[in-house]
Amino acid sequence: MYQFDIATGAKGDLYRDLLGALDALTGDESDAIANMANASALLMQYLPDLNWAGFYRLVGDELVLGPFQGKAACIRIAMGRGVCGTAAASCESQLVADVHAFPGHIACDADSRSELVVPIVVGDRLIGVLDLDSPLPGRFDEADRAGCEALVGLLGPRIG
């Protein structure tokens, strides 16, 4: 199977290694669900302090749960609602240090305290979002945002 050498030091090194691992996992696979499933498993395994890592796919005019790692989750999210819906509607990443302070936050898991959601855009078409949750407040920072945006940039064409 796959054996990855993932850095445990600086975040820049961690995300560089994750990008290489994601490329190896998804480079020769054309199935979107398989690629999202492996991506969520990779992120859950190597990013510390997560309690949920996965995808919501744009189906019609709402987000629908896709492959993920973690507790059972909300199945459908309206555009513009919660952190995921806000990221999807604005096509801008949402970095939320305290989800309880986010207007309209959807509490799928009461243990989640912070969240990072990155929209997945292929060409000019939104296809979904990457959603990461943590039980720690302030878990995500700008390095996480940049790293996850790079991961989504690689993965988007492979799932779109």
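## R139, a buried arginine

At 11% relative accessibility, R139 counts as buried (under 20% relative accessible area, with exposed meaning over 50% and partly exposed in between, using a 1.4 Å probe and protein chains only). You'll find R139 in the loop between β6 (125-134) and α4. Leaving aside residues up to four places away in sequence, R139 touches K11, L47, P48, D49, S114, S134 and D144, where contact means heavy atoms within 4.5 Å.

This is a predicted model, so to speak of local features takes pLDDT of at least 70, side-chain atom pairs count only at pLDDT 80 or more, and totals for chains, interfaces and linings use all residues. Residues are numbered from 1 along each chain as its sequence is written, and side-chain values use heavy atoms, with hydrogens and water left out.

## Helix α1 and its buried face

Now for helix α1, residues 11-26. Its buried residues are L14, Y15, D17, L18, A21, L22, L25 and T26. Looking down the axis of α1, these fall within an arc of 160°, so they line one face of the helix; the arc is taken from the directions from the helix axis to the C-beta atoms. On the other side of α1, G12 and R16 are exposed. The cover over the buried residues of α1 includes α2 (32-46) and α4 (142-159).

## How α2 meets α4

The axes of α2 and α4 come within 9 Å and cross at roughly 155°. The two helices are therefore roughly antiparallel to each other (angles over 145 degrees count this way). On the α2 side, the contact is made by A32, N35, M36, A39 and L43, and on the α4 side by L151, L155, R158 and I159.

Technical notes: Helices (H or I, at least four residues) and strands (E, at least two) are DSSP runs, numbered from the N terminus. The expected span of a helix is 1.5 Å times one less than its number of residues. Axes are lines fitted to C-alpha atoms, for helices over the stretch in contact, and angles run from 0 to 180 degrees between N-to-C directions. Angles under 35 degrees count as roughly parallel, over 145 as roughly antiparallel, 65 to 115 as roughly perpendicular and the rest as oblique.
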